[in-house]
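Hello,

Here is the structure I promised to pass on to you. My notes on what turned up in it follow below.

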Amino acid sequence: MTQTLRLSDFPSWRELQALAAQMQGTSITTLFSKDAQRATEFTASAAGLTLDYSKHLLCRDSRAALLRLAEQAQLPQRAGQLLAGAPLNNTESRPALHTLLRARSAPAGLEAEFSAVEDTRQRMRLWCDRITSGQMQGYSGKAIRDVVNIGIGGSDLGPRLVTGALAACHGPVRCHYVANVDPADLHYTLQGLDPDATLFILCSKSFRTEETLANGVAARDWLLAAGAPEEDLHRHFLAITTNLEAAAAFGVPADNCLPLWDWVGGRYSLWSAVGLSTAIAVGWEHFSALLAGAEEMDSHFSSASCAHNLPMLMSLLEIWYCNFFGAGNQAVLPYDQGLARLPDFLQQLTMESNGKRITRDGEPLDYDSAPVLWGSAGTMGQHSFHQLLHQGTRLCPADFILPLTTPLADAARHRMLVANGLAQSRALMIGRTEDEARASLLGRGLDAAEANRLAPHLAMPGNRPSSVITMDAVTPHSLGALLALYEHRTFCSGQLWGINSFDQWGVELGKEIGADILNRLQNPDSRKNMDAATERLLAQWFAAQ
Ligand code: F6P
């Protein structure tokens with residue numbers, strides 16, 4: 001078996017270190033003034049999305065060196081392997097075949113899997129049409145009007161994001177999302193819902209996730225308390241899972257279950273039956289358009305050269321800042337209210353996938369892997385954390401996501417939104433010198449002493465990098481392409497770091513300890529000694545009961 005190469009093993013590693021050191025002393029505005037073509041030459045488009053990466057600490061030479069790194073790491077071949085179903089998830093001996101979920105035809109050798117996907121898509125469509133047309137009825141014959149998706153992590157974040165982002169496409173059935181085992185989540189979601197007109201989708205790849213199962217039991221109790229006869233509960237539950245036996249044991253009949261497969265990672269599962277709540281919210285045609293947008297990005301990813309390949313370019317930028325400039329974080333700033341949950345979705349996608357410290361072969365990394373991803377919808381962030389982006393001591397590369405139109409009638413306010421997004425990206429780049437700040441203060445009528453005193457506080461260093469990703473509008477198609485873009489960027493970065501992006505062993509220990517502690521809370525006499533801090537907190541909990 002070939003040994004996994006680490007990022008630091010590639011011939012470009014040292015060259016990139018030297019180039020990054022040179023770039024530290026360069027300003028992005030100088031790069032623009034030296035290169036009249038920069039704005040167009042550092043822009044790439046695919047599947048209705050345009051990536052403007054001109055406002056980065058990147059010149060043509062450093063870009064060429066990054067592209068050589070992509071070739072050395074064989075990113076184009078790796079993209080082919082991903083889509084062809086190679087067993088890239090080496091700790092679980094599986095492929096990661098989320099791209100098959102939006103494929104229009106079967107890649108060679110994957111005919112059986114594709115046919116299972118198509119069958120499930122058909123069944124999903126039937127459920128979707130049945131529910132949106134009002135044919136699906138609750139225990140006393142009312143049409144289903146509200147759907148509550150109960151799931152967490154990948155069984156929640158993707159559908160929740162897309163359903164929220166496509167509000168303009170919503171049909172007659174309202175979809176809600178419950179993830180947290182905090183009883184408040186389900187309780188307040190159910191307030192005002194009519195039990196007889198409510199359908200629950202238990203969404204769990206494993207059907208072992210304690211939050212989801214506990215909320216499922218509480219949902220069943222809510223129906224029973226409202227008078228639903230036990231024998232009619234099947235009218236109120238669907239399940240999406242690989243674990244059909246566990247769903248049956250919960251009481252969901254086989255006909256009400258849609259399958260998943262172990263070759264779909266939870267955080268990549270939006271495109272499967274996990275997306276059923278979204279399909280119900282927006283209708284089957286729009287859900288199909290979401291898949292088509294993702295599929296168009298897949299085919300771009302697997303066919304475009306590295307220099308024009310959006311996921312590869314974005315991954316190279318991630319590596320550039322993370323490994324050569326020491327940036328430990330990345331901001332994602334959607335200038336679209338519907339995309340407010342995009343950072344949440346991307347946190348699981350990137351940090352669960354690439355938050356790893358060893359190579360695929362178990363060797364320690366001698367460089368950083370995934371940065372902390374964070375962000376929120378513009379313009380709210382401007383009145384909160386943008387201060388740090390502009391004048392803080394840390395480097396925070398940012399992705400601005402900027403739809404150019406709104407489906408709503410208010411063009412004037414949308415213009416303000418766009419102006420704000422563009423202004424923030426430009427302000428990060430150009431900053432303001434102390435002299436400019438002083439001149440502005442004098443222009444406002446301050447005396448010289450006061451202007452001198454305040455000028456350092458108003459000065460902004462600038463030279464802070466950002467990308468701007470634009471699309472004509474947030475549509476099912478462009479949203480599918482955007483999410484697939486980030487999926488593939490995540491994959492490329494994982495490949496460059498030499499890690500397995502498709503497992504998540506790091507979440508297990510907390511679950512095991514959680515089970516031990518729950519046992520202690522339920523049986524105070526069961527003695528499993530914990531550390532002194534946990535023991536003190538346990539005592540405090542018992543005292544509060
Ligand atoms: O705990 C992490 C995790 O396993 C995620 O990877 C996954 O998306 C989430 O839990 C939910 O898992 P499931 O869909 O099996 O309930």
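A word on conventions before the details. This is a predicted model, in which local features need pLDDT of at least 70 and side-chain atom pairs count only at pLDDT 80 or more, while totals for chains, interfaces and linings use all residues. Residues are numbered from 1 along each chain as its sequence is written, and side-chain values use heavy atoms, with hydrogens and water left out.

The ligand

The ligand is surrounded by 14 residues, and Gly 154, Ser 155, Ser 204, Ser 206 and Thr 209 are the closest; to be counted, a residue needs a heavy atom within 4 Å of the molecule. An N or O atom in the side chain of Ser 155 lies 2.7 Å from a ligand oxygen. For Glu 352 the corresponding distance to an oxygen atom of the ligand is 2.9 Å, and for Gln 348 it is 3.1 Å. On its own the ligand exposes 390 Å², of which the protein buries 86%; these areas come from the Shrake-Rupley method with a 1.4 Å probe, and for residues only the protein chains shown count as cover.

Helices (H or I, at least four residues) and strands (E, at least two) are DSSP runs numbered from the N terminus. Helix H14 covers residues 342-354, and its 13 residues should span 18 Å at 1.5 Å a residue; the end C-alpha atoms are 17 Å apart, which agrees. That expected span is 1.5 Å times one less than the number of residues.

Gln 348 is among the buried residues of H14, as are Leu 342, Pro 343, Phe 345, Leu 346, Leu 349, Thr 350, Ser 353 and Asn 354. Buried here means under 20% relative accessible area, exposed over 50%, and partly exposed in between (1.4 Å probe, protein chains only). The partners that these buried residues pack against are helices H7 (157-165) and H19 (476-497), together with strands S8 (329-334), S9 (372-374) and S10 (398-403).

H7 is largely enclosed by the rest of the structure, because eight of its nine residues are buried. Those are Leu 157, Gly 158, Pro 159, Arg 160, Leu 161, Val 162, Thr 163 and Ala 165. Their cover includes H14 and H19, as well as strand S4 (174-178), helix H11 (276-282) and helix H12 (284-303).

Asn 354, in helix H14, counts as buried at 2% relative accessibility. Beyond its neighbours within four places in sequence, Asn 354 is in contact with Ser 369, Ala 370, Thr 490, Ser 493, Gly 494, Trp 497, Ile 499 and Ser 501.

His 488 sits in helix H19 and is buried at 0% relative accessibility. Its side chain makes a polar contact of 2.7 Å with that of Asp 298. Not counting residues up to four places away, His 488 also touches others, including Leu 82, Arg 102 and Phe 301.

Ala 327 belongs to the loop between helix H13 (310-324) and S8 and is buried, at 3% relative accessibility.

Backbone points to check

Most residues other than glycine have a negative phi, and most peptide bonds are trans. Here are some exceptions in this model.

- Gly 378 and Thr 379 are joined by a cis peptide bond, with omega about 10°; Thr 379 is in the loop between S9 and helix H15 (386-391).
- Ser 93 has a positive phi of about 50° and counts as exposed at 62% relative accessibility.
- Phe 207 has a positive phi near 55° in the loop between strand S5 (198-203) and helix H9 (210-225), and is buried with a relative accessible area of 3%.

Best wishes

Notes. Contact means heavy atoms within 4.5 Å. A polar contact is a pair of N or O atoms within 3.5 Å; within protein, one must be able to donate a hydrogen and the other to accept it, and residues adjacent in sequence count only if both atoms are side-chain atoms.
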